[in-house]
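Okay, hi everyone, thanks for coming. Let me put the structure up, and then we'll go through a few spots together.

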Amino acid sequence: MEQLPGGRRPPLVSTLGLGRRSWEVTLDEERGRLAWRDPRPPRRGSENCFVPTSEIIAVEETEFNKKQRNTGKWQKMAKPHAFTVYYVKKARNHRWRCSDVTFWCVDEHLCNQWIQALKELLEMQKCRPKHLLVYINPYGGKRQGKRIYEQKVAPLFSLASISTDVVITEHANHAKDNLFEVNINKYDGVVCVGGDGMFSEVMHGLIGRMQKDSGIDQNNPKAPLVQCNIRIGIIPAGSTDCICYSTVGIADPVTSALHIIVGDCQPLDVSSIHHNNTFVKYYVSLLGYGFYGDILKDSEKKRWMGPMRYDYSGFKTFLSHHYYEGTISFQPAKHALGSPRDKDRCRTGCYICKESEQQLAEQHKTCGLNHEEDEEWKVIKGKFLAINAVNMSCACPRSPKGLSPAAHLADGSADLILVRKCSRFDFLRYLVRHTNHDDQFDFSFVDVYRVKSFQFTSKLSEDNESSVTDIGKKRFGQFCRDHPVCCCNIANSTWNCDGETLDSSAIEVRVHCQLMKLFARGIEENCKDEAAYSHSSVEQLL
Ligand SMILES: CCCCCCCCCCCCC/C=C/[C@@H](O)[C@H](COP(=O)(O)O)NC(C)=O
Ligand SMILES: Nc1ncnc2c1ncn2[C@@H]1O[C@H](COP(=O)(O)OP(=O)(O)O)[C@@H](O)[C@H]1O
Ligand SMILES: [Ca+2]
């Protein structure tokens, strides 16, 4: 076929059958779309449809079955030839579905020409994965991971000619350990079926593997980490599914599978946590001390309850109303363009994240020569009900705009939210704002900072370093747990790190801009959704 300058072919235009009518069908490589138009004069009910070629899932030759042939004018005609195009259909609230359209014509050659052209176009989409490594946590969320993958995801992968190696995990850390052993170069991506904890495991495997292969010591908190270019896809089958929801806009297995198939790519900030120059963990969504740490610790004992455990432990933790004393020091993220109180949200193609990407590229050119150490540290001492450091909005079905609605996925910063000691009623007002449109930071007892690194030491560990003996410490802790009404918890809280608990309370955290990539495109700007969240009854009471 003749080619236009730049190697592109002229549009392919044919009159093809769709249902009982003839349509004008155009495959326009330059505009990147497949369109079909009812050529009759416009009247009510006549339609124009188009699909971006980047959102075509597959094309297949279709056998006309007897039933179709026996209806209407088929009987009088020579055997029609047909092909079906499977494509992404965007529904409400960021949900994607696989839709299809079947075109037919009598000319076999024309039909083959269409199939060939569409297949070549799909071949040209180099960002699409062909071979994936899949890890399924069969015990995540409502224990439906295996069923969700087999029934909803595997058929779509096979339709899109993606081959897979599937590992059903047998124990915690199975996926992580496996990622250190496999021939990772064989794959175009890794898929995890599970919740935030399962994602975290896969991410640790991949980032750890990359650093090991490059000879980077993860225990060095200042080591410039090597970016991980193998994308991770998340099929949500967990309890909170915050990472999936915050990067796609919905926690829906079919939607996520389709983002993987079309080869979307969303860079993501990852923060590293160290304690005494020893690597502890990475995280991408929430690192929470106090309220969210206590919920997680209590809920681990109630895993049998499934996702409900968070409601149970949430209520219990709210009533206990413990606050914790400590010191936070942080370096403000001066490089970042946005602020946590911005009205604008991080959406697909976010310019603030793009700006950070450019800064990062510049930094790589100068071999990472920045003088972070010289930059100012701010120090805050206080009594806190919650300390939440979020790398992304942390939107999830329970909190549709998240803990920091204006946080960015890939700007190299985290939002540090400090909720100081306040009354139970005020803390409830704050929590309710996780679920409605009101500003969560508009309280005298809540402070928020956009940071690139921070450190925390609890009052208890500060004191320990100087005087109290281990035995005395334990007794003191015990004493206050026996008198929960006093709320002044002498014991430490626990850090909730992407849904996993940490052993140490004193930590050092650094944001690594765009350290990894997901099969996602961020949340798309879309006016027909963002439907008003159902207002909770609690909200109406306040
Ligand atoms: C009275 C109104 C109370 C409203 C409470 C709103 C709760 C909003 C919860 C937002 C939590 C987002 C942060 C996500 C954390 C996940 O990494 C973690 C682990 O998720 P996983 O179990 O692995 O899916 N889940 C929790 C609850 O800590
Ligand atoms: N086969 C397994 N048995 C037990 N635990 C597992 C298994 N596979 C993964 N895990 C662990 O289960 C934890 C929670 O998994 P996740 O999928 O996040 O579910 P949930 O969202 O319900 O917490 C993760 O920390 C992961 O390491
Ligand atoms: Ca960020």
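So, start with Val134: leaving out residues up to four places away in sequence, it touches Thr164, Asp165, Val166, Val167, Val191 and Val193; touching, or being in contact, is when two C-beta atoms, placed from the backbone, lie within 7 Å. Before I go on, this is a predicted model, where local features need pLDDT of at least 70, side-chain atom pairs count only at pLDDT 80 or more, and totals for chains, interfaces and linings use all residues. Residues are numbered from 1 along each chain as its sequence is written, with chains lettered from A and ligands numbered from 1 in the order in which they are written.

Back to Val134, which sits in strand 8, residues 131–136; strands here are DSSP runs of E, at least two residues, and helices are runs of H or I, at least four, numbered from the N terminus. Is Val134 buried or exposed? Buried, because 23 other C-beta atoms lie within 10 Å, and buried takes 20 or more, exposed 12 or fewer, partly exposed in between.

Now the helices. The axes of helix 3 (145–159) and helix 7 (253–261) come within 10 Å and cross at roughly 30°, axes being lines fitted to C-alpha atoms over the stretch in contact, with angles from 0 to 180 degrees between N-to-C directions. So helix 3 and helix 7 are roughly parallel, that is, under 35 degrees. The contact uses Ile148, Lys152, Val153, Leu156 and Phe157 of helix 3, and Pro253, Val254, Ala257, Leu258 and Ile261 of helix 7.

Definitions and conventions
Parallel < 35°, antiparallel > 145°, perpendicular 65-115°, else oblique.
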